[in-house]
Amino acid sequence: MAILEIVQAGHPVLRELARPLSPEEVASKELARLIDDMRETMRAAPGVGLAAPQIGIGVQLAVIEDPATVPDDDARARDRDKVPFHVIINPRLTIEEGEPAVFFEGCLSVDGWCAKVARARCVRVDALDEHGRPVTIRARGWYARILQHEIDHLNGMLYIDRMDTRTFQAV
Ligand code: ZN
């Protein structure tokens, strides 16, 4: 396994629409290896999500894992629970509840900064897992925020496109 380099805002791959993975690609050894490397890269960063464009590869793949190692009060305020490691491939996002939650958010590709971002509290994601099986994820709270953030990456968007610009600050 390898720790991959995370590209920073300004790199064009972060602004491109990532292409979907084919069933053959999903079943390939190369993809399994890439997922292993992305997991290690996310954990080393550390982060709670990593999308393929962030390591310079414009495909619709992201890894997510939230150990939720924050104080209880913070976790409660953010509706944040542990999320086990998993993969989303070719995801489709549906907003299930419009009422947004506003919290500070950061990104491994905008290193050293954070800002307040409004995100939907409840989402549904239809995607493929790492075995190419269709999965439907219903998520709320912080997990819903992570999914929205990672799927934005696959659409060439960064949180700085959605942030309250006056709250942008160094971490
Ligand atoms: Zn990010």
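Asp73 and Arg76 sit three residues apart in helix H3 (residues 72-77), a spacing of about one turn of the helix. The two residues form a salt bridge in which the closest N and O atoms are 3.3 Å apart. The model is predicted. A search of the whole structure finds 16 salt bridges, and a zinc ion is coordinated by Cys107, His149 and His153.

- Side chains of opposite charge can pair when their charged atoms come close.

**Salt bridge between distant parts of the chain**

- Asp79 forms a salt bridge with Arg140, with 2.8 Å between the closest N and O atoms.
- This pair links distant parts of the chain, as Asp79 and Arg140 are 61 residues apart.
- Asp79 lies in the loop between H3 and strand E3 (83-105), while Arg140 belongs to strand E5 (residues 134-140).
- Asp79 counts as partly exposed because its relative accessibility is 27%, which falls between the cut-offs of 20% and 50%.

**Salt-bridge network**

- Salt bridges that share partners join Asp36, Arg39, Glu40, Arg43 and Glu65 into one network.
- One of the salt bridges in the structure pairs Arg39 with Glu40, the closest N and O atoms being 3.5 Å apart.
- Arg39 has a relative accessibility of 18% and therefore counts as buried, the cut-off for buried being under 20%.
- Glu40 has a relative accessibility of 22%, so Glu40 counts as partly exposed.

**Zinc site**

- The atoms that coordinate the zinc ion are SG of Cys107, NE2 of His149 and NE2 of His153, at 2.0 to 2.3 Å.
- In sequence, the donor residues of the zinc ion follow the spacing C-x41-H-x3-H.
- Cys107 and His149 link distant parts of the chain, being 42 residues apart.
- Cys107 is in the loop between E3 and strand E4 (113-128), whereas His149 is in helix H4 (residues 141-154).
- Cys107 counts as buried because its relative accessibility is 11%.
- His149 also counts as buried, because its relative accessibility is 8%.

Definitions and conventions. Residues are numbered from 1 along each chain as its sequence is written. This is a predicted model: local features need pLDDT of at least 70, side-chain atom pairs count only at pLDDT 80 or more; totals for chains, interfaces and linings use all residues. Side-chain values use heavy atoms; hydrogens and water are left out. A salt bridge is a side-chain nitrogen of Lys or Arg within 4 Å of a carboxyl oxygen of Asp or Glu. Buried means under 20% relative accessible area, exposed over 50%, partly exposed in between (1.4 Å probe, protein chains only). Helices (H or I, at least four residues) and strands (E, at least two) are DSSP runs, numbered from the N terminus. Donors are N, O and S atoms within 2.8 Å of the metal (3.2 Å for Na, K and Ca); water is not among the atoms, so sites may look incomplete.
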